[in-house]
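Student: Could you take me on a close look at the side-chain contacts in this model, and at the space left between them? I would like the cut-offs along the way.

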Amino acid sequence: MESQVRGGTRWKRFAVVMVPSVVATAAVGIGLAQGALAASFSVSGQDFKVTAQHLEGWGFAQYGGIDTGYSSTAGDDKDKTQHPVAISSFDRAEITKMCQSVKTRIPGIGTIYLRLDAGPNKERKVEAKNLYIDVAQLDADATFTNIDIGVAVKDKTRGPEVKQGDSVLPGGFAQQAEKADLYNVEQTAWATTAGTFKLSGLKMRLGTDPKMECY
């Protein structure tokens, strides 16, 4: 980890930043088991992969949470599970060369891949407002401007409001920054929510080639 430079802090791998959030999600899981927290909305039984050449976000906040959803694509209400996540939120974000892919195994047919590509260049970016990403894993080169680490979730002053339905600890760990620049992003997520999501140059494809996955 490098020292602050011109009001920003840089980490070679974003996973370093997520370590405290993983600890926070463990605490959330305990609270959920004890009945202290309401379960979040149900997510599907499939996570998905996302890559981006550059994500530039303003009004950044991150905190631990729990996504509750189905354990498989069968969607059995009696067989749900809980996913600890690091919720990354942005007031506004612009994304260059975004890819999203989902892998689905269909009995009797095989494995199908759904892939979305958008924001092909700097002139045609993906644009989002009030963006939330429920992240299970993320690697990137990251630079933060005016970052605060260790803020209580309920007292954070940056980023959109805590997403309704998420299971979080109000006094739990959070971090926030005026601006976040993430390069060479590779992440696995359970959910993405946005107030608006503009996908310039959107391309959607279905196929059976494993190379269709974003990474």
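Here is a walk through the aromatic rings, the cavity, the disulfide and the salt bridges.

Tutor: Happy to. This is a predicted model, in which local features need pLDDT of at least 70 and side-chain atom pairs count only at pLDDT 80 or more, while totals for chains, interfaces and linings use all residues. Residues are numbered from 1 along each chain as its sequence is written, and side-chain values use heavy atoms, with hydrogens and water left out.

Let us start with the rings. Two rings of Phe, Tyr or Trp (its six-membered ring) pair if their centres lie within 6.5 Å, and planes under 30 degrees apart count as stacked, over 60 as edge-to-face and the rest as tilted. The count by this rule is 2 aromatic pairs. In one, the ring centres of Phe 60 and Phe 90 are 5.4 Å apart and the planes stand at 45°, so this pair is tilted. Phe 60 belongs to strand S3 and Phe 90 to strand S4, so the pair ties together parts 30 residues apart in sequence. (Strands are DSSP runs of E, at least two residues, and helices are runs of H or I, at least four, numbered from the N terminus.) Phe 60 also forms a tilted pair with Phe 144, at 5.4 Å centre to centre and 40° between the planes. Here strand S3 meets strand S6, where Phe 144 lies, so parts 84 residues apart in sequence are tied together. Buried means under 20% relative accessible area, exposed over 50% and partly exposed in between (1.4 Å probe, protein chains only). Phe 60 is buried at 1%, and Phe 144 is buried at 0%.

On a 1 Å grid over the protein atoms alone, a cavity is a set of points where a 1.4 Å probe fits but cannot get out, and lining residues have an atom within 4 Å of a point. There is 1 cavity of 30 Å³ or more, and the largest cavity holds about 180 Å³ of space, a volume being the space filled by probe spheres set on the points, which are joined across faces, edges and corners. Its lining has 20 residues, with Val 50, Leu 55, Ile 95, Ile 133 and Gln 187 nearest the centre. Strands S3, S4, S6 and S7 (173-193) each supply at least two residues of this lining.

A disulfide is a pair of cysteine sulfur atoms within 2.5 Å, and the count is 1. Cys 99 is joined to Cys 214, S to S 2.0 Å, and the link is left-handed, with -85° about the S-S bond. Cys 99 is buried at 4%, and Cys 214 counts as buried at 16%.

Last come the salt bridges, each a side-chain nitrogen of Lys or Arg within 4 Å of a carboxyl oxygen of Asp or Glu. The count is 6. In one of them, Glu 213 meets Lys 49, with the closest N and O atoms 3.6 Å apart. Glu 213 lies in the segment after strand S9 (203-207) and Lys 49 in strand S3 (residues 48-70), so parts 164 residues apart in sequence are tied together. Another joins Lys 125 and Glu 94 at 3.4 Å, N to O, and Lys 125 is buried at 18%.

Methods: On a 1 Å grid over the protein atoms alone, a cavity is a set of points where a 1.4 Å probe fits but cannot get out, and a pocket is an open set with protein on both sides within 12 Å along at least five of seven lines; lining residues have an atom within 4 Å of a point.
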